Structure formats: structure tokens, C-alpha cells
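Please examine the sequence and the structure shown below.

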Amino acid sequence: MNRFWNFNSHMRKSRTTITDIARELGISPSTVSRALNNHPAISDRTRKAVVKLARKRNYQPNLQALNLLQKKTNTIGVIVPEITSYFFSSIINGIQDLVNPLGVNMIIGQSNESYEEEKRIVQSFTAINVDGFLISPSSESKKTDHLALLEANQIPLVIFDRDCLGIEVDKVFVDEYSGAFQAVEYLIESGCRRIAHIAGSQTLSTARHRKKAYQDALKRHHLPLRDEYVVEARGFMPEHGIEPIKKLLNLKERPDAVFVINDGVAMGAMSVIKDAGIQIPGEISIIGFDDDPHSSYFKPSLTTVWQPTYEMGMLSARILMKRIQSKGVIPGLRAETLHPELVVRGSSRQL
């Protein structure tokens with residue numbers, strides 16, 4: 001028995017190319033290419049011979065080379081602050097369901113709320129020539145030079161969820177102000193009078209809009225704005241609700257309701273309230289924001305503001321794809337606003 005391998009016989013076969021097919025059939029590579037694309041100038045006999053041999057050799061088109069010829073990659077870049085929450089994963093699902101049937105791929109970058117990381121991802125995706133970007137800016141992104149560079153180089157960009165002032169591109173948002181106003185007004189109408197707000201970082205447009213709505217709702221109903229009733233959370237996870245709610249519960253005049261920046265922070269706050277033996281909603285009402293699926297299973301279930309996240313992803317992707325396909329000939333910019341809804345559950349008093 002021969003104990004030695006024939007190295008060449010075990011080498012992986014090289015990929016069949018148009019040139020290989022052309023050489024075997026004694027025709028030009030351009031004729032093979034046109035035959036594979038059903039060009040009318042190619043005879044039926046030649047086309048059938050090319051297709052038959054291509055199948056026999058398991059020929060696969062070189063999409064990378066084709067994309068280079070067409071000056072596109074059929075790939076878009078999506079950048080979000082984080083991908084573990086229901087909020088952004090739902091948006092990503094919407095984007096994927098829109099682009100997949102179009103044969104478009106997407107690559108996802110997570111900024112982790114870091115401006116430097118967001119900038120690095122933009123540079124990285126630009127280097128591989130993505131056709132366009134969908135970006136929800138990080139909470140640290142006060143500078144916009146990296147986004148302005150995309151704009152200057154006419155690389156299509158759609159900003160979604162969080163606004164980025166100074167960048168004139170297509171944008172898709174949810175009416176945060178309306179959703180927050182509904183929530184706070186509901187608390188007032190249910191009899192609450194000492195309403196606090198656990199706010200988000202004011203570098204974010206979403207957090208600023210929700211805080212402004214909180215303040216305006218109190219003003220409309222002639223309730224005082226008390227500085228000690230507004231505490232800023234340092235993030236958006238349940239653990240970020242612990243310290244803010246402790247501060248509010250330790251006040252001499254404890255609030256009888258709290259409007260919270262999002263569901264994650266609200267659930268963390270509710271755990272502290274329950275551990276303190278305070279009844280929800282009997283002694284204190286809680287309303288969150290986002291309608292995270294877990295919010296309906298928490299005890300008591302969390303009253304919240306539903307956002308059309310999946311629809312925001314689909315609409316953002318649709319606008320970007322139209323911009324890419326039009327090659328910049330669509331006049332004007334789109335600024336789309338989707339509408340949220342209050343979902344009343346067990347953590348707030350009933351009207």
C-alpha cells in the first residue's frame with residue numbers, strides 16, 4: 001500500500017472561472033459572460049453549451065468582481081448603541097426583513113454608546129465600500145465630523161431614533177414628546193400629584209424630548225416643577241434604576257408617581273420599591289417607555305409607551321435603499337415621524 005499522499009490530488013480544486021469555460025469551449029470570455037446573462041446576440045446553441053458546462057463545473061459567479069464593475073457591494077452598514085435590548089434588536093429585524101428580499105446584506109456595528117467606537121466603525125465600514133449607512137448615534141456623539149464626512153462624500157445615510165443636529169440627511173424618529181406627554185398626563189388624570197421623572201442622558205434627543213414633555217404636562221395641569229423630583233439615570237439597564245429611585249424614595253416628601261426613561265430602568269426601580277415594602281400602584285405609580293416584552297410579565301405588569309420599533313427599522317431601510325438605487329437623484333430630504341401609544345397595565349392607577 002502506498003503510504004504517501006499525492007499532495008496535488010488532495011489539493012482543493014480551484015474555483016471555475018468564466019475564462020476556464022471559455023478555454024474549454026474555444027470561445028471568448030465575453031461570449032461566455034453574455035451567454036450566462038441570456039444576451040440576445042448569443043445563439044441558442046452556444047448559450048446551451050455554456051450553461052451545460054457551467055453546471056458541470058459547478059460555476060458560481062464572482063459577486064465581488066461583479067460588484068466592483070457595478071461600483072456597489074450590495075451591503076449596508078448598520079450602527080446602533082447596543083444590540084442586546086429588545087428595542088434595537090426589533091429595529092434590526094425590521095431592517096433585515098426589508099433588505100433581505102432585495103438581495104442586500106447588512107453588517108452591524110455596536111458603538112456601546114461611545115463616540116470613538118462609532119467613529120471607528122464608520123471608518124471601517126467605509127473602507128469596505130458599503131453602499132450606505134443606517135445609524136442611531138451614541139449618547140457621546142456630540143461631534144458629527146465622521147457623519148459629515150459621509151455627507152460630503154455623498155455616501156447615503158439615514159439617521160434613526162436619535163437625532164444628530166447639524167447633519168442634513170434623511171431621518172426617521174418616533175414622536176417621543178407625544179408618548180411621554182401621554183404618560184405623564186395619564187398619571188395626573190389618575191390622581192397623582194407628586195410626579196417624579198427618572199431621566200436619561202440629556203445629550204440624547206430622545207431623553208430631552210421626554211423630559212420636556214414631562215415638564216410641559218405638569219405645567220399644563222398647574223403642578224409644580226420640583227428639581228429634586230428629576231434624577232438622571234446613568235444608563236438604560238435595570239441596574240441603572242436603582243440609585244435614582246433610592247434618591248426619590250429618601251425625599252422628605254416622597255413622589256406618588258414616577259415616569260421613567262425606559263422599561264429597563266423602570267423594572268430596576270420597581271424592584272427597589274417592592275423590596276422597600278411600598279405598594280405599586282397603591283402608594284406609587286410607575287410608567288416606563290418602549291414596551292419591552294418583559295414589561296408585561298413583571299409583577300405588577302408595567303404601564304409603558306409602545307414604540308413602533310420594527311416599523312422604524314423597515315422605514316429607515318426603505319428610505320436608504322431608495323436613496324442608493326436613485327444614485328442621489330431624489331430631490332429633498334425625508335424626515336419621518338412615527339407615533340407611539342400608551343399601554344396601560346398594572347403599575348399605574350386606573351382612571
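In what order do the 6 strands of the open sheet with parallel pairing stand? This is a predicted model, and in it the order is β2-β1-β3-β4-β5-β11. At the edges stand β2 (105-110) and β11 (335-338); each has a single partner strand, so one side of each is left without a neighbour in the sheet. On average, neighbouring strands of this sheet are turned by 15 degrees against each other, direction ignored. Strands of a sheet pair through backbone hydrogen bonds, and the pairing may be parallel or antiparallel.

Individual pairs of strands can now be followed. Val 78 has Leu 134 of β3 opposite. Further along, β4 and β5 run parallel and are joined by 3 bridges, with Ile 159 opposite Lys 171 in β5. Another 4 bridges join β5 to β11, again in parallel; here the bridge partner of Val 172 is Glu 336 in β11.

Is β5 mostly covered or mostly open? It is mostly covered, since 5 of its 5 residues are buried.

Helix α6 lies across β1, β2, β3 and β4, and its direction makes about 170 degrees with that of β1. Helix α13, residues 309-326, lies across β1, β3, β4, β5 and β11, running at about 170 degrees to β5.

A further open sheet has 4 strands in the order β7-β6-β8-β9, and its pairing is parallel. Its edge strands are β7 (230-232) and β9, each of which pairs on one side only. From one strand to the next, the twist averages 15 degrees. Strand β6, residues 195-199, runs parallel to β7 and is joined to that strand by 3 bridges. Within this pairing, Ile 198 has Val 231 in β7 as its bridge partner. Helix α9, residues 176-189, packs on the sheet and touches β6, β8 and β9, with a direction at about 175 degrees to that of β8. Helix α10 lies across β6, β7 and β8 and runs at about 170 degrees to β6.

Most residues other than glycine have a negative phi, and most peptide bonds are trans. Which peptide bond involving Ile 280 is cis? The cis bond joins Ile 280 and Pro 281, with omega about 5 degrees. Pro 281 is found in the loop between α12 and β9 (285-287). The peptide bond from Lys 299 to Pro 300 is also cis, with omega near -10 degrees, and Pro 300 is found in the loop between β9 and β10 (304-306).

A positive phi of about 55 degrees occurs at Gln 154, although this residue is not a glycine. Gln 154 is in the loop between α8 (145-152) and β4 (157-160). With a relative accessible area of 71%, Gln 154 is exposed. Asp 291, likewise not a glycine, has a positive phi of about 60 degrees and is placed in the loop between β9 and β10. Is Asp 291 buried or exposed? Its relative accessibility is 16%, so Asp 291 counts as buried, the cut-off being under 20%.

The loop between β9 and β10 also contains His 294. This residue is exposed, with a relative accessible area of 57%. The C-alpha atoms of His 294 and Tyr 86 are separated by 9.2 Å, while the two residues are 208 residues apart along the chain.

The last topic is a pocket. Rolling a probe the size of a water molecule over the atoms shows where empty space is left. The second largest pocket has a volume of about 680 Å³. How many residues line the second largest pocket, and which lie nearest its centre? The lining has 35 residues, and those nearest the centre are Glu 82, Ser 85, Phe 236, Met 237 and Asn 262. At least two lining residues come from each of α6 (86-99), α10 (205-220) and α12 (263-275). By type, the lining divides into 13 nonpolar, 12 polar and 10 charged residues.

Note on methods: Residues are numbered from 1 along each chain as its sequence is written. This is a predicted model: local features need pLDDT of at least 70, side-chain atom pairs count only at pLDDT 80 or more; totals for chains, interfaces and linings use all residues. Side-chain values use heavy atoms; hydrogens and water are left out. On a 1 Å grid over the protein atoms alone, a cavity is a set of points where a 1.4 Å probe fits but cannot get out, and a pocket is an open set with protein on both sides within 12 Å along at least five of seven lines; lining residues have an atom within 4 Å of a point. Grid points are joined across faces, edges and corners, and a volume is the space filled by probe spheres set on the points. Ala, Val, Leu, Ile, Met, Phe, Trp, Tyr, Cys and Pro count as nonpolar, Asp, Glu, Lys and Arg as charged, and the others, Gly among them, as polar. Buried means under 20% relative accessible area, exposed over 50%, partly exposed in between (1.4 Å probe, protein chains only). Two strands pair if DSSP finds at least two bridges between them. Axes are lines fitted to C-alpha atoms, for helices over the stretch in contact, and angles run from 0 to 180 degrees between N-to-C directions. Contact means heavy atoms within 4.5 Å.
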